[in-house]
Amino acid sequence: MASKISSAGINPGVVLSQTTEPLVFLGLLLSILLSTHRHAIESLSPRDNGVRARSMSSCLRASGVRNFSMAGSPGYATIFNFSIQNLRFAAPEFRKPEAVVLPTSRRGLQRAVLCARSASLAIRVRSGGHSYEGQSYTVSGGVLDGKAPFVVIDLMNLNKVRVHAASATAWAESGATLEEVYHAVALASSSNSNWSLAVTAASCSTIGLGGHISGGGFGPLSRKFMLAADNVLDALLVDAVGRVLDRRAMGEDVFWAIRGGGGGSWGVVYAWKLRLVPIPDTVTVFTPRREGSVDAMAGLVHRWQFVGPDLPDEFYLSVSLTIGSSSLSQEDRDHRNVTFTGLVLGPKELAMSVLNERFPELGFAESEVSEMSWVESAARLAGLSSVDELTSRVSKTKYYGKNKSDYVQQPISRDSLAAMLRYLSNGPPAPWHD
Ligand SMILES: Cc1cc2nc3c(=O)[nH]c(=O)nc-3n(C[C@H](O)[C@H](O)[C@H](O)COP(=O)(O)OP(=O)(O)OC[C@H]3O[C@@H](n4cnc5c(N)ncnc54)[C@H](O)[C@@H]3O)c2cc1C
């Protein structure tokens, strides 16, 4: 068995085929098939796992798929752990897959799906591994319960991006990270009368395109150009019986569902056709950090809630409340900092004039804003030191964490923000993963 983990397959010049068989896709039938299959898998005895693993391995070999690693074999742990972003789910008590398959072609992906089904193994699809709850590499809540033996189909080698600048579109394989997509788009799009092409998605560099679009995809360009999912024009979906369906073949309901309906539910999206958006050659970036008393910082964040939504669509302005540590002195705990992150689609004069007029409390200084190209801003907002680093899949910021998002319907009161800042000052209980 092979265990190639490198993304040597990156080749922005490779053309993705868009032709698929004209088969009608019945979403309801598929979900019934999938749930029946899942029930059958969960009711099988754990002692059958070895048989199923051997069946999977033989099927892959017979199908010509060589790039996979079986549990217990050398290199397995390295491959499995490589894309795990939330280290909580790397702990020994979480069930591990019987195999990790890393297809290097669309055909290899189809065969991996078929082999997993014929071996009665559940499938977890992984693109970038940034699922907050480890959904791409755990089963049944993750605990070792003897049920649902599974296989991970990891798309990291399916990361090619082909840009067609003339039509402002790109086909990107799901295993590409967002920053690999940004890099390819920036390379291929030459400036045209002060405008170039960009992709609207998040700023975290190692998120995978597959999971990101499957969940929506919000980023610094979303106020102007909406979510990543809103800019998908077509997709190629491998269904439960190994067919490749484009938008027409899968139908509009399924095409709607795969763009924000949650990953891993509708099949494996092999590739996406993206609409690229026009961006000025020069954008402005700023990440001002402000320090002060808890009450002063709460006041600043409170004010931001009223300023942010009314800024022009060319402006993105987010804020982070930083966490403290229980070892801080009482004086330090009363002294907090908050960090704003901003991107403006225009020159710094525009950024300065609008922000100083609408948000004077922030006290912007010219030295805090920098002009750069969009792709440089992508690297900066991802915390990278250069554009070249965009093509690295290695995540430098793995963590043990629990994440929760919510929409705020009304502004949070100043007192509540102060209470949140005081709570964060105490830091999380240690160790985090207990
Ligand atoms: C540090 C960090 C920062 C983040 N910042 C943002 C942000 O700014 N904006 C934002 O919108 N989101 C953000 N997210 C959330 C992120 O977009 C989602 O967790 C996304 O699902 C991750 O995609 P992935 O491919 O990396 O994850 P994975 O763990 O690989 O996949 C996530 C889910 O999608 C499924 N899936 C993956 N690939 C496919 C595929 N090809 N076909 C079908 N299903 C698939 C998986 O099975 C799993 O259920 C952030 C997450 C992290 C960890």
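Leu237 stands opposite Leu245 in strand S9, where strands are DSSP runs of E with at least two residues and helices are runs of H or I with at least four, numbered from the N terminus. The model is predicted, and for this reader it matters that local features need pLDDT of at least 70, that side-chain atom pairs count only at pLDDT 80 or more, and that totals for chains, interfaces and linings use all residues. Residues are numbered from 1 along each chain as its sequence is written.

**The open sheet**

- Strand S8 (residues 232–238) is joined to S9 by 2 bridges, and the two run antiparallel; strands pair if DSSP finds at least two bridges between them.
- These strands belong to an open sheet of 5 strands, in the order S5-S6-S10-S8-S9, with antiparallel pairing.
- At the edges lie strand S5 (161–164) and strand S9 (244–245), each of which pairs on one side only.

**Strand S3**

- In strand S3 (residues 122–126), 5 of the 5 residues are buried, so the strand is largely enclosed by the rest of the structure; a residue is buried if 20 or more other C-beta atoms, placed from the backbone, lie within 10 Å of its own, exposed if 12 or fewer, and partly exposed in between.
- In a regular strand the side chains alternate between the two faces of the sheet.
- Both faces of S3 are covered, with Ala122, Arg124 and Arg126 buried on one side and Ile123 and Val125 buried on the other.
- S3 runs parallel to strand S4 (residues 150–154), to which 5 bridges join it, and Val151 in S4 is the bridge partner of Ile123.

**The shell around the ligand**

- The ligand is surrounded by 32 residues, of which the closest are Gly128, Gly208, Gly210, Gly211 and Gly263; a residue counts as near if its C-beta atom, placed from the backbone, lies within 6 Å.
- S3, helix H6 (209–214) and strand S10 (268–275) each supply at least two residues of this shell, and the largest share, 4 residues, comes from H6.
- Domain 1 (44–154) and domain 2 (161–280) each give at least three residues to the shell, the domain bounds coming from an automatic or database domain assignment.

**Helix H10**

- The buried residues of H10 are Met297, Ala298, Leu300, Val301 and Trp304.
- These residues cover an arc of only 160 degrees around the axis, which puts them on the same side of H10; the arc is that of the directions from the helix axis to the C-beta atoms.
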